[in-house]
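Dear colleague,

I am passing on the structure below, followed by my notes on what was found in it. Please read the notes with the model open beside them.

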Amino acid sequence: MKQRKLALAIAMLGLGALRCGSDDSASQPKGDAGTGGAATGGSAGTSGSAGVGGGGGTGGSGGGTFQDAPTESVTFQSSMEDFPNPERGFFRNIDVAKNTDFTSISNGGYTLARSYIRLDDYRTQNLPASLLTALENGFAGARKAGIKVIPRCAYNFGADPDAPKSWILTHIGQLAPVLQKNADVIAAMETGFIGAWGEWHSSTNGLDNPADRKEIVEGLLAALPPTRMVMLRTPRYVSDMYATPLSPSQAYDQSIQARIGLHNDCFLSNATDAGTYVPAPAEDHKKYLEAFSRYTPVGGETCQVSLSEHRTDCTTALAELERFHFSMLNLDFYKGDIDRWKSEGCFDEISRRFGYRLVLATAALPKRVRPGGRFVLQVELSNEGFGALYNPRPLRIVLEGQGRREVVDVSDDPRQWAPGVASKLTAHLELPADLPAGAYELRLWLPDAADPLQSRPEYSVRFANTAVWDATAGENTLGSVEVDATAPGDANSAATKLSVVP
């Protein structure tokens with residue numbers, strides 16, 4: 001992956017070259033007024049930026065000048081703690097159609113649970129209202145517990161029949177209102193419905209073919225909101241529909257292909273993972289999976305095949321979890337493989353690295369800034385996880401103190417913070433002119449995208465650093481900023497809120 005390099009543009013309208021990077025406010029070059037105008041007048045323009053640890057830039061158009069507050073570099077300490085984060089990690093198993101209390105999952109430190117939704121009794125009839133009500137109650141229980149669900153519908157748990165395609169599509173249509181209403185607590189949905197265990201093989205109704213599979217996938221995706229993805233059983237089922245893997249330019253565009261992940265339910269069991277990578281050569285399927293899994297959820301479970309064929313040694317497990325960007329895996333099965341990771345010493349690393357693991361490296365922050373002043377916030381971070389965020393999530397900057405709380409959205413998409421790559425966030429911020437003097441905390445906040453969950457800290461993303469996480473607010477503290485009318489830099493007396501200057 002190419003490293004994402006974000007930089008704030010520096011306007012050069014009729015001016016000489018601007019210098020950035022000095023912490024001495026007296027040495028900062030002068031440009032014309034930035035957005036909102038300066039205290040000395042001028043019209044809106046675009047401001048320059050500083051490097052990490054550097055002072056503010058200038059720019060714009062008009063007759064006045066505007067100088068940003070200087071910034072200094074702050075370094076963060078990474079953490080090895082294994083803590084829960086939303087939509088990733090080992091998952092447990094629940095039944096949302098029969099139970100409503102899932103606090104044991106969250107109390108155990110897990111944020112995900114898979115739920116089979118058994119439709120055995122309704123293969124050729126409508127789903128009863130009682131089942132739909134039970135599902136509503138189950139999802140409500142998941143929301144109360146602070147977890148998310150990975151649902152899978154199935155008509156059997158092994159050798160019994162599945163349902164005719166017409167009835168599968170009917171059932172998907174009946175489930176659609178429940179799925180739409182409760183999508184906030186659905187991490188992703190295993191496609192299910194077809195064959196044994198809903199794993200898309202051994203269909204008693206002849207649905208083991210690309211045309212029927214595609215129709216059911218498209219029907220299920222239509223039943224879910226466009227922000228949610230499904231997970232198919234093998235890479236071949238995806239490549240049968242889309243011969244070319246998902247590309248970076250297609251990622252997150254909410255097309256059908258961009259919303260398909262994978263669940264490997266015999267991970268590392270033998271050379272082909274019990275049919276996951278067939279027909280030969282297996283490496284072709286692995287390359288395809290490696291390409292699209294960067295942008296979609298990947299999970300599943302290990303399984304019990306001949307122990308002499310298992311590839312579950314720690315070296316192989318870590319390599320493939322990383323290569324295929326795993327976000328989740330069943331902790332309850334297969335126990336023998338989970339125990340092997342514990343005995344060989346890689347279990348803790350696997351648990352920490354599922355999905356994203358975001359680590360702050362440095363940030364450029366001002367020590368002091370005037371009410372109505374501006375500064376360029378720069379944050380450098382890395383992702384030490386196997387994968388990345390796969391569901392949309394806002395990225396917000398919070399300034400809080402002296403009885404005030406100011407929040408602004410940043411346009412950066414945290415799903416683009418790829419594993420193994422250093423990333424940078426840059427934002428030119430303007431403070432409200434009426435901020436009382438005193439100390440304020442500057443924080444990064446990645447809440448859930450769903451309004452009902454945004455105030456729930458257990459649904460917010462935590463960075464893997466020491467002395468950063470505010471568990472009550474669900475926010476990550478970058479440092480303290482003193483608001484002081486005598487601070488260096490200019491001020492915009494018309495500024496009414498915390499905002500990002502273009």
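Two strands are taken to pair if DSSP finds at least two bridges between them, and the strands (E, at least two residues) and helices (H or I, at least four) are DSSP runs numbered from the N terminus. This is a predicted model, in which local features need pLDDT of at least 70 and side-chain atom pairs count only at pLDDT 80 or more, while totals for chains, interfaces and linings use all residues. Residues are numbered from 1 along each chain as its sequence is written, and side-chain values use heavy atoms, with hydrogens and water left out.

To begin with the sheet, strand β6 (residues 230-232) runs parallel to strand β7 (residues 260-264) and is joined to it by 3 bridges, with Met231 having Gly261 as its bridge partner in β7. These strands belong to an open sheet of 4 strands, ordered β5-β6-β7-β8 with parallel pairing. Because β5 (189-190) and β8 (298-300) stand at the edges with a single partner strand each, one side of each is left without a neighbour in the sheet.

Helix α2 (residues 129-145) has 17 residues and reaches 24 Å from its first C-alpha to its last, close to the 24 Å expected at 1.5 Å a residue, where the expected span is 1.5 Å times one less than the number of residues. Its buried residues (under 20% relative accessible area, with exposed over 50% and partly exposed in between, for a 1.4 Å probe and protein chains only) include Leu131, Leu135 and Phe139. Among the elements that cover the buried residues of α2 are β3 and β4 (148-154), and just after the helix Gly146 takes a positive phi of about 80 degrees.

Arg114, which lies in strand β3 (residues 112-118), counts as buried because its relative accessibility is 4%. Leaving aside residues up to four places away in sequence, Arg114 is in contact (heavy atoms within 4.5 Å) with residues including Asn93, Glu190, Asp265 and Glu301. Asn93 is 21 residues from Arg114 along the chain, yet their C-alpha atoms are separated by 4.9 Å.

Finally, a nonpolar core is a set of buried Ala, Val, Leu, Ile, Met, Phe, Trp, Tyr and Cys residues joined through side-chain atoms within 4.5 Å. The largest such core has 79 residues, and Phe90, Trp341 and Ile350 are among those with the most contacts inside it. A second, separate core of 35 residues includes Phe76, Trp417, Leu425 and Leu478.

With best wishes
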